[in-house]
Amino acid sequence: ENITSVSILDMAIALLLAFGLGLFIFLVYKKTYQGVMYSSSFGVTLIALTMITTVVILAVSSNVVLSLGMVGALSIVRFRTAIKEPLDIAFLFWSIAVGIVLAAGMIPLAVIGSVIIGVILLIFVNRKSHCNPYIIVVQCADHNSETKVKDFLTGQVQRCVVKSKSVQRGSIELNMEIRLKDDNTDFINTLSEIAGVTSAVLVSYNGEYMG
């Protein structure tokens with residue numbers, strides 16, 4: 001009775017849809033990934049998690065006793081894998097939610113919802129790179145060269161804010177957050193040629209920031 005409570009056709013449809021939507025989630029994750037080291041195993045985990053959640057919910061929905069036992073079993077499970085990227089949590093929850101919705105029989109909600117979520121992530125995560133903040137580290141000799149650097153950057157970038165300043169005898173180091181006007185970074189070459197500037201480094205900044 002427990003086996004026949006969910007038909008073979010329903011199982012097959014649910015698992016095929018779970019695989020398809022899990023693959024879609026994996027492709028969106030691969031397209032929107034912006035971390036340092038891409039992990040293909042995490043992408044495969046998203047597909048597996050969608051299908052596993054579907055299987056679990058199908059089993060739970062067909063048997064009340066099994067659902068109580070499943071709750072007790074899952075309550076003692078602890079996951080120790082650290083999530084390095086905050087966006088990865090959204091993909092994990094997305095995979096679990098799709099599996100639950102599919103197993104509940106709400107196929108249009110799972111499909112249409114996944115498409116809308118995927119489009120939104122593609123639009124907002126893959127925005128133009130020059131909109132992202134950058135950090136410039138400049139070493140100059142004196143106050144005059146420091147003023148020239150600030151004046152030059154103010155005219156070249158969309159936004160320039162001094163984050164830190166280190167002063168030693170005969171050397172000044174500036175750390176400034178900037179927003180580029182476009183993808184062109186040739187102004188760094190000109191900046192390094194200003195009198196009194198010994199070095200200029202441009203670094204992409206993906207951490208937390210205000211503004």
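Biologist: At roughly what angle do the axes of helix 1 and helix 4 cross?

Modeller: One point on provenance precedes the answer. This is a predicted model, in which local features need pLDDT of at least 70 and side-chain atom pairs count only at pLDDT 80 or more, while totals for chains, interfaces and linings use all residues. Residues are numbered from 1 along each chain as its sequence is written, and side-chain values use heavy atoms, with hydrogens and water left out. Axes are lines fitted to C-alpha atoms, for helices over the stretch in contact, and angles run from 0 to 180 degrees between N-to-C directions. Here the axes of helix 1 (residues 8-32) and helix 4 (residues 86-103) cross at roughly 165° and come within 10 Å. Angles under 35 degrees count as roughly parallel, over 145 as roughly antiparallel, 65 to 115 as roughly perpendicular and the rest as oblique. Helix 1 and helix 4 are therefore roughly antiparallel to each other.

Biologist: Which residues of helix 1 and helix 4 make the contact?

Modeller: Contact means heavy atoms within 4.5 Å. Helix 1 contributes Ala14, Leu17, Ala18, Leu21, Phe24, Ile25, Val28, Tyr29 and Thr32, and helix 4 contributes Asp88, Phe91, Trp94, Ser95, Val98 and Leu102.

Biologist: How do helix 1 and helix 5 pack?

Modeller: The axes of helix 1 and helix 5 (residues 107-125) lie 10 Å apart, at an angle of about 5°. These two helices are therefore roughly parallel to each other. On the helix 1 side, the residues that meet helix 5 include Ile13, Leu17, Leu21 and Lys31; among their counterparts in helix 5 are Ile107, Val111, Gly118 and Val125.

Biologist: How many helices and strands are there in the protein?

Modeller: Helices (H or I, at least four residues) and strands (E, at least two) are DSSP runs, numbered from the N terminus. The protein has 7 helices and 4 strands, following the pattern α-α-α-α-α-β-α-β-β-α-β along the sequence.

Biologist: What order do the strands have in the open sheet?

Modeller: Two strands pair if DSSP finds at least two bridges between them. The open sheet of 4 strands has the order 2-3-1-4, with antiparallel pairing. Strand 2 and strand 4 are the edge strands, each pairing on one side only. From one strand to the next, the twist averages 15°.

Biologist: Over how many bridges do strand 2 and strand 3 pair?

Modeller: Strand 2 (residues 159-168) pairs with strand 3 (residues 171-179) over 9 bridges in the antiparallel sense. Opposite pairs include serine 164 with asparagine 175 and valine 167 with isoleucine 172. The two strands form a hairpin with 2 residues between them, and glycine 170 in the turn has a positive phi of about 80°.

Biologist: How many bridges join strand 1 to strand 3?

Modeller: Strand 1 and strand 3 run antiparallel and are joined by 8 bridges. Tyrosine 134 has isoleucine 178 of strand 3 as its bridge partner, and proline 133 stands opposite arginine 179. Helix 6 packs on the sheet, touching strand 1, strand 2, strand 3 and strand 4, and its direction makes about 10° with that of strand 3.

Biologist: Which residues touch the most other members of the largest nonpolar core?

Modeller: A nonpolar core is a set of buried Ala, Val, Leu, Ile, Met, Phe, Trp, Tyr and Cys residues joined through side-chain atoms within 4.5 Å. The largest such core has 19 residues, of which Ile136, Val138, Leu153, Phe187 and Leu191 touch the most other members. Strand 1 (133-140), helix 6 (143-156), strand 3, helix 7 (187-192) and strand 4 (197-204) each supply at least two residues of this core. A second, separate core of 15 residues includes Ala18, Val101, Leu102 and Leu121.

Biologist: With which residues is leucine 191 in contact, leaving aside its neighbours within four places in sequence?

Modeller: Leucine 191 is then in contact with Ile136, Val138, Val149, Phe152, Leu153, Val197 and Ala200.

How values were computed
Buried < 20%, exposed > 50% of the residue type's maximum accessible area, 1.4 Å probe, protein only.
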